[in-house]
Structures are given as structure tokens and as C-alpha cells.
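Take a moment with the model before reading on. Find the strands by eye, then the helices. The paragraphs below walk through them in turn.

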Amino acid sequence: MEFPRIQLQESLTIQNLISFHYFEYAKGYVFDGEQHDFWEILYVDKGEVEVRADDHIHTLQQGHMIFHKPEEFHTVSVKHEHKPPNLIVISFECASEAMSDFENKIVPLGDRERNMLSLIIQEGFQAFLPPFDQPSVHHLERNPGAPFASEQLIKTYLEALLITLIRNQKSAASTIDPATRIKQSSLQKEKAEQRIVQQIIAYLKENLSQSFTQDQLCQTFHLGKSRLKELFQSQMQTGVLEAFKSLKIEQAKTYIREGRYNFTEIAAMLGYASIHYFSRDFKKTVGMSPSDYAKSVKARV
């Protein structure tokens, strides 16, 4: 008996990865610009930034991604009125005709797309060696200790992200028969869990100056300890208190880049009993002391 084969079609294929960057910029940073023969995406993970694409100037807010098509001249600048941004910049070669859908496009990313981008970043940090924050460094050096198939996952996740964004555009332009929609209770449950975690994260962000115990958070959100732990391990791959500490340190990095407060003031604003505990947590999370981080920011500017 013969088994017929069908070769799977590829509507969008990424041939090569050019660069992989994660920037944390301070006010006053200016990138004079560049032009190249491959695609580049810039995503605002936090804050806001001004981007020039040929003759057009855009102010991008958190959650937005801009596509720079081949041979498009583009620049980046952080104005005084901007909140210091965290930017994800990835450039790649893709000759697929479908990429024409992204020309001159700025798109907001939803939860699903942000999760895909997060997976790309996680794999990138493991697949390659730093630095990831030097605009002039485009040479990617492979990490000898990278997990199995990490580069293939980057390619797969990035292609999946682009395909999803194209589908989003096409579905927004057409009416889909509700009868054709597939109801999946597991997906609904996943979205419900995401909403709960997002609510908790939003609450923690609003109360960075406070200190919470797990019992207090369980009482506030009417969750059992095991359920709270399960939710954060599933959605964030960490515990709720560890996530809270990470939010504090991320805010500390923003304060340092703004340059308006000293380290003692920042520690107090984030609920630390002393600058010693603040410096300890900062170095453990970031890999350098607050003063060393401040020096690296000034050096980039």
C-alpha cells in the first residue's frame, strides 16, 4: 500500500537572523540612523520613543511594533518628555511576498503576540552571548551552552508571530461566520488565568512602595496559596513574590535612567528598609550594582 506524501507549503520563511537586541535607553539617547537591505522590527516593551522611518516621524508607545522595510532609513531618539524606554529590536532576512503586508506598518500587539515575542526573547538570550544592548554590534555569537534547537525555535516563533499578525490584519478586514469559530474551553480557561495574573501584576505595579506577603495577596484576590502559586508558575514561570521583586527592580532601572532621584530615595520609594537590601536585590537581579548600572547608562548616552 502506498502512502502519498504532501509537501507542506511555506507562505513565509525567514532565511537568516541578522541582529538581536534588547535596549534600555535613558533620556537624551539618540541613534543617528541606518539603512540596510533586510527587515527590522522595533517593539516598545516599556516607555515611549520617537522613531523616524524615511520621511515620517512616529512616537511609539508601549505595546507597539514598527516594521522597517529593506532600504528604509530609520532613526531612534528618546526625548526629555519621554518615559525611558525598553526596546526589542530584531533584524532578519525574509524574501517572502507576504512581508509586503508590513510595509509602512505600526501594529499594536495583543496578549498572544506579546507572549510569542517573549518566547523569542527568552530563546535569544540563551542562544547567543551578550552584549544585547550595543546598537553598533550586529555580530551574533553563538552560546556553546545553548539549549537544544534554540535557534530553530527563534525562527519558528518569529515566523509564527509574523503569520499571526498578517492573519490579524486580514481577519480585521473581513467578516467571519460565527458558526465557523471553534469553541475551545481550554483556551477560554487559559485566557481567564491570564486575566487573573494580569490583574495581580497591575495591582503590584500600583503598589511598588509596599511589602506584601503571599497570605495578603491570597486574601486580596480570594485565591488559595496553591492556586496562586499554580497561576504564576503557569503564566510567569516564577512565584508571585519573585515577580513583585522583579517589578521593583525594573522600576528602579527606570528611575535611575530618569536621573531624578538618588539611590537612597529610589530604595525608599520602592519599599526597601535600607539601601543595603535594595542594592543586594538589584545586583542579584541585574548582575551589577545600581551605581555600575547608572554608569553604563551614562556611557550609552
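Two strands pair if DSSP finds at least two bridges between them. Helices (H or I, at least four residues) and strands (E, at least two) are DSSP runs, numbered from the N terminus. This is a predicted model, where local features need pLDDT of at least 70, side-chain atom pairs count only at pLDDT 80 or more, and totals for chains, interfaces and linings use all residues. Residues are numbered from 1 along each chain as its sequence is written, and side-chain values use heavy atoms, with hydrogens and water left out.

How far can the prediction be trusted? pLDDT is the predictor's confidence in each residue, from 0 to 100. The chain has a mean pLDDT of 91, and 95% of its residues reach 70 or more. Where pLDDT is low, the predicted coordinates should not be read in detail.

Start with the sheets. Strands of a sheet pair through backbone hydrogen bonds, either parallel or antiparallel. Axes are lines fitted to C-alpha atoms, for helices over the stretch in contact, and angles run from 0 to 180 degrees between N-to-C directions. Now look inside the sheet. Strand β4 (residues 48-53) and strand β7 (residues 74-77) run antiparallel and are joined by 4 bridges. Which residue of β7 is the bridge partner of alanine 53? The partner is histidine 74.

The other open sheet has 5 strands. Follow them in the order β1-β8-β3-β6-β9, again with antiparallel pairing. β1 (16-24) and β9 (106-108) stand at the edges with a single partner strand each, so one side of each has no neighbour in the sheet. Between β1 and strand β8 (residues 86-93), count 8 bridges. These two strands run antiparallel. Within this pair, tyrosine 22 stands opposite isoleucine 88 of β8.

A helix covers part of this sheet. Helix α1 (residues 111-127) lies across β1, β3 (39-46), β6 (64-68) and β8. Its direction makes an angle of about 100 degrees with β1.

Next, see how α1 meets another helix. Two packed helices are described by the angle between their axes and the distance between the axes. α1 packs with helix α2 (residues 150-172) at about 160 degrees, and the axes are 9 Å apart. α1 and α2 are therefore roughly antiparallel. Angles under 35 degrees count as roughly parallel, over 145 as roughly antiparallel, 65 to 115 as roughly perpendicular and the rest as oblique. Contact means heavy atoms within 4.5 Å. Residues making this contact include Met116, Leu117 and Ile120 of α1, and Leu153, Ile154 and Tyr157 of α2.

Helix α6 (residues 240-258) and helix α8 (residues 275-286) have axes that come within 10 Å and cross at roughly 95 degrees. That makes α6 roughly perpendicular to α8. In α6, the residues at this meeting are Lys245, Ile249, Ala252, Lys253 and Ile256. In α8, they are Phe278, Asp281, Phe282, Thr285 and Val286.

The loops hold some details of the backbone. Proline 131 is in the loop between α1 and α2. The peptide bond from proline 130 to proline 131 is cis, with omega near 15 degrees. Glutamate 71 is in the loop between β6 and β7. It has a positive phi of about 70 degrees, although it is not a glycine. Asparagine 104, in the loop between β8 and β9, is not a glycine either, yet its phi is positive, at about 60 degrees.

Glutamate 71 has 46%, so it is partly exposed. Asparagine 104 has 59%, so it counts as exposed.

Terms used
Buried < 20%, exposed > 50% of the residue type's maximum accessible area, 1.4 Å probe, protein only.
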